[in-house]
Amino acid sequence: MSAEQKATSNSGQHQERGWLYKIWQQVNIPLAAVFFALLIGAVLLVISGANPIQAYAALFDGAFGSMTALGRTLEKATPLIFSGLAVAFAFKAGLFNIGAQGQLLFGAITAAAIGFGVEGLPAYIHAPLALLGGAAAGALYGAIPGALKVYTGAHEVITTIMLNYIAINITDYLADGPWKDTSAGNIIARTPEIHETARIPAIAGIPLGFGLAILAAILVWWILSRTTLGFDIRTVGLNASAARYAGIRVGFTIILTMVLSGALAGIGGAVETQGVVGRYQPGFNAGLGFDGITIALLGKTSPFGVIPAAILVGAMRAGASNMQFTAGIAKEIVDVIQALMLFFVSADMVVRWIFRIRESGEEEKITLSSGWGHQ
Amino acid sequence: MSDETLALEVRNITKRFPGVLANDRVDFKLRKGEIHALLGENGAGKSTLMNVIYGLYSPDEGEFFIDGQRAEIKNPHDAIHAGIGMVHQHFMLVPVFSVAENIILGAETVKGISLDLRTARRRIRELSHEYGLDVDPRAIVEDLPVGIQQRVEIVKALYRNAKILVLDEPTAVLTPQEVEGLFRVMRQLTERGVSIIFITHKLKEVLEISDSITVMRRGVVVGSTTPAETDEQGLAEMMVGREVLLQVEKEPAQPKDVVLSVEDLTIHDERGVDVVRNISFEVRSGEILGIAGVQGNGQTELVEALTGLRGAASGRVTLNGEAVPFEKPRHLTEAGLSHIPEDRQKHGLVLSYSIADNLVLNTYYQPPFAHHGRRDFQAVAENAEKLVEQFDVRTPSPMVPAGNLSGGNQQKVIVARELSRPVRLLIANQPTRGLDVGSIEYIHKQIIKERDGGAAVLLISAELDEVKSLADRIAVMYHGELVAVVQADEISKSELGLLMAGSTREAMTH
Amino acid sequence: MQNSYSSIPTWKYFWHRYGLLTGFGIFILALILFFYFQDSEKTIAVLAASVRHSTPLVLGALCGLMNERAGVINIGIEGQMLMAAFMGYMVNVWTGNLYIAILGGVLTGAVMGLFHAFMSVTLKLDQIIGGTVINILALGLTGYFYQTGLTTEGKFTAIPLGPLAEIPLIGPVLFDNPPITYAAIVLVFVVQFVLFRTKWGLRTRAVGEHPRAADTVGINVYFMRYANVILGGAIAGLAGAFLTLEAVGSFERNMTNGRGFIALAVMLFGKYTPLGAWGAALFFGFTTAMQTQLQFAGINVPHQFIGMIPYLTTILVLAGFVGRTRVPAADGVPYEKE
């Protein structure tokens with residue numbers, strides 16, 4: 001449908017076709033990417049002497065095979081949605097926030113600290129307070145690479161990766177030191193359990209945290225597409241010179257974006273603590289930093305695309321344990337498949353060439369490398 | 001005329017790009033030792049043809065003949081081998097390399113494994129001396145003035161024994177005096193047997209220097225002639241295909257109150273060097289002040305300071321009687337500043353946004369386009385419909401991304417946006433660069449219209465003709481200083497040229 | 001602007017450009033000598049450890065700068081190193097021959113370089129995303145295929161270079177090292193020479209600064225970029241091989257632990273020159289060596305904080321130096337032949 005037709009058509013039927021067509025345009029490449037990744041994953045499985053059909057069946061079963069499995073999938077998907085949103089949000093401003101992992105860790109441990117450290121609050125205050133704490137911690141930690149980029153030009157790719165390592169070190173220390181669980185018989189480095197009043201329960205098998213994630217996605221979508229702040233952020237990401245010329249304060253926008261992105265990641269960590277783990281324990285979600293990137297790109301950096309992408313990756317992680325248990329296949333194959341998905345969704349021209357899909361031409365091309373070394 | 005007198009001939013060259021037939025069955029003959037001008041508007045196909053001849057593009061159809069013999073030119077290597085050298089409009093020099101390193105790149109002299117720069121430098125000195133094109137092989141290119149960089153490009157071609165030299169818009173970055181210098185060099189080269197193709201859109205130069213002229217329009221050769229057989233008007237009509245107004249029609253100016261006042265403005269660049277030194281001037285409502293000057297003399301920085309994109313080391317700027325803070329573009333826009341930027345794709349537009357969004361790029365946060373941070377898309381769309389119609393922007397819909405438009409239409413979008421607000425001060429920086437004649441005429445008309453409506457206009461342009469025809473008063477910028485501010489009709493083009501090259505008024509004899 | 005025409009006498013030019021650096025170098029030298037006369041054994045131990053820790057960093061930085069000088073951003077050095085470390089280890093397990101194992105590591109690095117070149121030059125992907133793909137892929141593949149409990153023939157031991165190793169202070173630090181460490185030092189000088197004094201190096205730098213200019217004089221931009229990225233990958237492969245064949249002797253999941261990214265800071269700190277990278281790598285190696293010394297000295301800081309030192313240093317270096325360092329002009333921009 002040409003732009004002209006879209007602009008002038010007003011009959012309901014025409015509009016519906018336009019709607020569906022638009023969704024298909026967004027979804028076809030990521031679907032193809034997933035397909036190819038699974039294909040190559042199958043090849044790798046065969047090479048290492050495993051049965052791909054058995055493996056994938058076990059994977060699927062562990063993810064969707066029962067209500068408990070589904071619950072587990074959604075549970076795993078929840079922090080992934082938050083990480084994906086954090087990364088996607090930063091992408092819109094042309095920033096590569098690999099530090100979502102570190103921000104998430106700080107959010108998780110802060111929520112845990114508020115969860116076990118504060119007493120005597122009713123649930124409807126305690127739980128949100130812990131969430132807020134997690135958000136604030138993530139926000140502060142996200143502000144650091146943002147400020148470094150604006151004031152010194154240091155590219156956020158390296159600074160956020162370094163900050164991830166630093167975050168691991170600091171949270172390890174806290175969990176093994178001043179905030180260690182000193183209850184009888186415990187030697188593991190972890191915090192005490194949070195109080196009941198700080199917990200985020202599940203309702204009818206569906207974790208409330210998942211609902212919060214959906215709400216967050218809607219909020220992010222609203223900010224980006226309907227507000228002037230969103231306009232500022234997107235303009236900075238597409239053309240920082242034009243943004244400056246339009247009167248947008250580019251440095252402020254970059255820092256604000258990193259703050260919000262960090263806050264999203266922080267809430268993700270808080271939700272994980274309050275909804276799933278019940279305390280902070282190091283290693284509970286290693287490697288989520290890169291997950292966020294894959295999910296954000298699979299979802300084409302759109303807040304609503306992040307949700308199905310996160311559910312997909314969450315399903316793979318939930319199913320991976322079952323796959324390891326029943327089919328004896330190491331969990332890491334899921335990481336490989338994830339990397340392949342990332343490759344295919346980024347190298348969309350490869351996928352287009354294979355399937356002869358034409359470019360829609362209306363996509364916004366954000367480059368992340370433009371900030372490298374140039375201020 | 002036998003074939004051996006033709007240094008180069010191409011027949012039936014056709015080159016297609018997606019959506020555009022850039023060269024349509026072009027025939028072109030270059031005689032030995034002649035200066036042959038290739039004339040046409042922007043987008044006529046001249047650069048494409050030259051890139052084909054130089055092997056950067058491969059033609060869909062066509063043949064090459066060098067010295068009467070058939071030749072295959074599939075890449076720059078072949079072209080260089082055939083004796084063709086090209087000086088591009090945007091220099092193909094690595095700024096951080098020395099002159100010698102740039103010249104030998106791709107044809108390096110070596111001693112064993114290592115580079116032999118000493119031999120290269122010697123050869124370069126010999127060559128530059130022989131042709132009167134003195135360059136210092138040790139100098140770092142980015143430190144050299146533009147005119148010298150051009151010489152380096154020419155020596156680079158001669159180093160590779162070029163017998164055919166293609167010069168693509170060489171005078172765009174030169175002062176009138178430097179242009180004379182270039183013409184002297186060109187004549188010396190032809191005396192030594194080099195044949196030259198000279199691409200340009202400047203009619204006066206064509207008539208002055210060329211032996212023969214070929215005119216292209218929309219990918220096709222529309223005619224060949226010689227300076228003896230034609231004049232400016234004739235060439236312009238061949239280029240455009242209809243009668244062209246070479247002079248802008250305007251009433252005399254009626255300036256009123258001072259709108260913009262600049263006092264003792266000094267600006268530093270990133271290294272702390274002065275790029276604008278202590279300049280002062282005023283622009284009144286109802287007049288156009290044109291700043292003439294070769295690019296690189298501080299105009300860019302001056303405009304950036306006046307439009308809030310850069311700070312100043314010292315000095316004051318007053319708009320409508322109120323002192324203006326630096327680096328606050330929004331403040332200026334709200335005070336009535338309109339700005340047509342130099343680089344429309346970099347500063348003026350976000351190419352992936354719709355035309356509609358681009359039209360509110362400075363005002364998207366204000367009512368009616370937004371309320372309390374929430375955008376009002378209906379208002380934006382209505383505004384777009386109105387402006388697209390009013391300013392004749394050719395597009396199927398205002399929701400199309402701005403990147404889909406032609407250069408002229410993109411500039412119209414910017415003009416529409418800037419002139420749809422109440423304008424107190426209009427700063428137009430190279431407003432017609434790279435545009436076709438139709439768009440140039442349109443934009444000139446709009447600028448005059450604003451002036452007559454009471455706006456103060458500051459025009460910065462490297463095209464001397466544009467400044468001379470539009471401006472009521474002219475100032476010349478040289479090395480960051482304003483070397484003269486005069487009424488437009490009190491100064492001649494050649495005097496302007498001298499000022500642009502650095503002489504002072506007193507030094508010139510009247 | 002006027003000086004560029006005249007030739008400045010070379011010693012004055014040298015002082016102008018390198019004066020501060022030489023002054024700083026002399027200061028460091030004096031400091032080292034001071035500590036050497038205080039406690040020679042410990043000084044030698046710290047310096048030798050610095051050299052050891054600097055090896056993967058300088059190799060990684062060489063990879064990074066070869067890529068970027070040609071105009072390609074490579075943040076996948078970490079993944080290249082990890083993959084090469086793993087493959088070097090596996091080849092060692094299969095063949096029992098350490099030298100063939102090095103070859104395995106180097107080839108792995110080269111193959112990953114080829115992949116990165118393919119993504120960046122041919123597919124013209126955003127190079128930062130491409131590098132991330134390599135990192136995640138390496139993490140996943142090495143994690144998936146690694147099995148514990150494999151035995152190897154051990155690792156490289158130090159080879160003292162005869163009388164050179166006897167020289168006080170410098171001998172044990174520089175001339176009593178295992179082969180890959182020697183190779184790294186040699187490579188620093190080789191790459192420095194090639195990059196700045198040969199035809200190949202001139203073309204590489206041209207392609208990274210102004211690829212179109214290089215194209216118009218007949219240089220094949222794609223080829224130069226592919227070649228440099230692959231060679232850089234091979235060097236990163238050597239870095240990976242160092243970890244499993246010389247430093248540790250076995251493999252561990254994610255054993256590179258951020259070294260590939262620190263190498264990027266080293267490259268930047270060294271202003272995109274091999275000699276500079278070597279100096280920067282030694283500095284970083286020193287901060288890592290100091291970690292052990294601090295723990296020995298019984299300073300009562302939690303070990304996690306000491307472990308943070310290299311990462312903090314990296315951030316400080318980036319923050320302090322990136323604005324002042326000139327990046328190759330066409331860095332990160334895929335070349336389009338029109």
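Let me begin with chain C, where a compact globule of 338 residues would have a radius of gyration near 20 Å, and chain C has 21 Å, which agrees; the radius is taken over C-alpha atoms, and the globule rule is 2.2 Å times the number of residues to the power 0.38. Please keep in mind that this is a predicted model, in which local features need pLDDT of at least 70 and side-chain atom pairs count only at pLDDT 80 or more, while totals for chains, interfaces and linings use all residues. Residues are numbered from 1 along each chain as its sequence is written, and chains are lettered from A and ligands numbered from 1 in the order in which they are written.

Staying with chain C, its C-alpha atoms fill a box of roughly 60 × 55 × 40 Å along the principal axes, and the chain has 14 helices and 2 strands, where helices (H or I, at least four residues) and strands (E, at least two) are DSSP runs numbered from the N terminus. Buried residues make up 51% of its 338 residues; a residue is buried if 20 or more other C-beta atoms lie within 10 Å of its own, exposed if 12 or fewer, and partly exposed in between, with C-beta atoms placed from the backbone.

Now to the places where chains meet, and here two residues are in contact if their C-beta atoms, placed from the backbone, lie within 7 Å. In one such place, 40 residues of chain A are in contact with 40 residues of chain C, and on the side of chain A the largest share, 11 residues, comes from helix 7 of chain A. By class, that side of chain A has 24 nonpolar, 13 polar and 3 charged residues, where Ala, Val, Leu, Ile, Met, Phe, Trp, Tyr, Cys and Pro count as nonpolar, Asp, Glu, Lys and Arg as charged, and the others, Gly among them, as polar. The contact of chain C with chain B takes 19 residues from chain C and 24 residues from chain B, and the residues on the side of chain C divide into 8 nonpolar, 6 polar and 5 charged.

Let us turn to chain B, where strand 1 (residues 6-17) and strand 2 (residues 20-31) run antiparallel and are joined by 8 bridges; two strands pair if DSSP finds at least two bridges between them. Leu6(B) has Arg31(B) as its bridge partner in strand 2 of chain B, and in this hairpin, which has 2 residues between the strands, Gly19(B) takes a positive phi near 85 degrees.

Further along, which residues of helix 8 (residues 232-240) of chain B are buried? They are Leu235(B), Ala236(B), Met238(B) and Met239(B), and, seen down the axis of helix 8 of chain B, the buried residues fall within an arc of 160 degrees, so they line one face of the helix; the arc is that of the directions from the helix axis to the C-beta atoms. Gly241(B), whose phi is positive, near 90 degrees, follows this helix.

Finally, 4 strands of chain B form an open sheet in the order 14-13-16-17, with antiparallel pairing. Strand 14 (274-284) and strand 17 (322-323) of chain B stand at the edges, each with a single partner strand, so one side of each is left without a neighbour in the sheet. Phe281(B) lies in strand 14 of chain B, and with 17 C-beta neighbours inside 10 Å, Phe281(B) counts as partly exposed.
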